[in-house]
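Take a moment with the sequence and the 3D view.

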Amino acid sequence: MAQRKVKHARADASVSGGGERAREQETHEGPRVVVPDYEVVALVLQGGGALGAYQAGVYQGLDEAGILPNRFCGISIGALNTAILAGNAPEHRIDRLREFWELICQPAYGPPMPPFVERALFNSNDTMRKAFTAMQAVGALVDGQKGFFVPRFPPPMPAGSGSPETASYYDTTPLKATLERFCDFDRINSGEARVSIGAVNVGTGNFAYFDNAHIKLRPEHFMASGALPPGFAAVEIDGEFYWDGGLMSNTPLREVIQTTPRQDTLAFQVDLWSARGPVPDNITDVQGRMKDIQYSSRTRLVTDMMQHTQRFRHVLREVLTRVSPEHRDDPWCKLAEELSCSKRYDVIHLVYRDKEYEGNYKDYQFGLSTMRDHWESGLQDIRASLAQPGWLEMPDNDAGFVTHDIHRDMR
């Protein structure tokens with residue numbers, strides 16, 4: 001595979017469809033790496049509420065290395081991060097992400113805690129930090145988050161009837177104004193990058209992807225992807241109501257890998273819930289572990305299944321090259337041609353690892369210090385991943401499919 005070396009430049013290093021994409025990048029904490037000529041460079045973002053700042057850190061590391069995706073796919077908070085990224089020029093994305101997260105990590109009502117006080121409490125001993133972050137989580141439930149959601153007053157009655165747009169404990173109307181403030185939807189729909197976001201149709205129970213290759217995306221599509229009941233109400237789009245895509249599948253990697261026509265793909269899969277974890281011994285930890293298992297969506301199992309499928313397609317392609325030309329018009333050979341695939345897939349898997357101070361409320365604990373801690377974790381994980389030799393190379397195995405995970409592979 002031909003490669004070329006290009007020095008990192010933020011403003012003009014974006015990855016677009018077609019043409020050569022090989023470039024030499026230099027991270028802040030690692031050697032230069034060469035990225036082969038992938039047709040698609042995808043950033044795949046799982047849902048996880050306040051944990052989504054980890055994804056922002058991952059993107060910062062990619063940006064440092066000059067790796068700018070041409071495909072975004074997200075669910076829930078991953079969809080909101082996707083909106084910020086796809087809705088801004090590459091040179092402004094980090095600033096817009098930071099502004100967005102610093103906004104939604106403030107209380108909806110009343111002044112935020114003085115920064116020096118918050119830092120002092122957060123950076124104290126483990127017992128104080130746990131108590132402090134638990135208090136902030138309670139604050140999110142009682143007060144809401146600025147530019148994101150606010151409690152409904154009066155709260156909905158259990159047996160009261162109303163409309164689907166008000167059947168929730170919180171009102172996400174502020175989120176629409178926030179997305180319109182931080183995102184250029186003309187840019188999102190320009191085709192500069194392909195954007196897909198997942199949601200669930202409340203009426204049919206079917207999973208749906210809203211994709212800018214097929215429809216014009218609006219703030220409501222991103223809001224629908226993050227409308228987790230009963231906290232947030234269903235969002236109406238063209239006469240149908242949608243909930244958070246994480247209710248059915250919180251891992252949108254399949255959407256990227258299964259897209260046709262198939263293309264050589266480098267995917268950065270960023271998960272906020274770990275399928276692996278300790279067996280809990282108290283009720284509080286039981287609730288947190290339940291979320292981990294539910295929302296991790298068995299990412300590695302899904303990835304393994306896709307790897308096996310691609311291996312069959314890849315082997316079938318190789319077998320066809322050994323069929324004599326006079327037999328290639330056979331109907332079975334033609335069917336085999338349709339099913340086969342020589343494209344290659346490299347999945348770099350990044351999974352957020354829980355901190356000691358975090359409890360079952362970690363997905364709605366929106367403190368500024370915690371957010372920055374999550375962000376830094378994502379930045380360090382992607383820097384470590386990009387520093388591994390050979391991880392970005394085109395797969396040369398019989399499957400044409402490889403996966404890497406800094407936490408798994410470096411154990």
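Start at Ser76, which lies in the loop between strand 4 (71-75) and helix 2 (77-86). Keep in mind that this is a predicted model. Is Ser76 buried or exposed? Its relative accessible area is 12%. Buried means under 20%, so Ser76 counts as buried.

Which residues does Ser76 touch, leaving out those up to four places away in sequence? They are Gly47, Ser225, Gly226 and Asp244.

Follow the last of these names. Asp244 is in strand 10 (residues 240-244). Asp244 is buried too, because its relative accessible area is 3%. Leaving out residues up to four places away in sequence, Asp244 touches Ile75, Ser76, Ala199, Val200, Ala224, Ser225, Gly226, Ala227 and Leu228. Ser225 and Gly226 are among the residues that Ser76 touches, and Asp244 touches them as well. The side chains of Asp244 and Ser76 are also joined by a polar contact of 2.7 Å.

There is a record to compare. In an unreviewed UniProt entry, the annotation "active site" covers Ser76 and Asp244. These residues are spread over 169 residues of sequence, yet they cluster in space, with a largest C-alpha distance of 6.0 Å. Both Ser76 and Asp244 belong to the lining of the largest pocket.

Now turn to the rings. How many aromatic pairs does the structure hold? There are 15. Take Phe148 and Phe149. Their ring centres are 5.1 Å apart and their planes meet at 70°, so this pair is edge-to-face. The cut-off for that label is over 60 degrees. Phe148 and Phe149 are both buried.

Phe149 has another partner. With Phe366, Phe149 forms an edge-to-face pair, 6.3 Å from centre to centre with 65° between the planes. This pair links distant parts of the chain, 217 residues apart. Phe149 sits in the loop between helix 5 (126-143) and strand 5 (150-151). Phe366 sits in the loop between strand 12 (345-351) and helix 13 (368-386). Phe149 counts as buried because its relative accessibility is 6%. Phe366 counts as buried because its relative accessibility is 4%.

Step back from the pairs. Phe148, Phe149, Tyr170, Phe232 and Phe366 form one aromatic cluster.

The charged end of Arg129 sits over the ring of Phe122, 4.3 Å from the ring centre.

Technical notes:
Residues are numbered from 1 along each chain as its sequence is written. This is a predicted model: local features need pLDDT of at least 70, side-chain atom pairs count only at pLDDT 80 or more; totals for chains, interfaces and linings use all residues. Side-chain values use heavy atoms; hydrogens and water are left out. UniProt positions are given in the numbering used here, feature names are shortened, and annotations may be inferred rather than shown by experiment. On a 1 Å grid over the protein atoms alone, a cavity is a set of points where a 1.4 Å probe fits but cannot get out, and a pocket is an open set with protein on both sides within 12 Å along at least five of seven lines; lining residues have an atom within 4 Å of a point. Helices (H or I, at least four residues) and strands (E, at least two) are DSSP runs, numbered from the N terminus. Buried means under 20% relative accessible area, exposed over 50%, partly exposed in between (1.4 Å probe, protein chains only). Contact means heavy atoms within 4.5 Å. A polar contact is a pair of N or O atoms within 3.5 Å; within protein, one must be able to donate a hydrogen and the other to accept it, and residues adjacent in sequence count only if both atoms are side-chain atoms. Rings of Phe, Tyr and Trp (its six-membered ring) pair if their centres lie within 6.5 Å; planes under 30 degrees apart count as stacked, over 60 as edge-to-face and the rest as tilted. A charge sits over a ring if NZ of Lys or CZ of Arg is within 6 Å of the ring centre and within 35 degrees of the ring normal.
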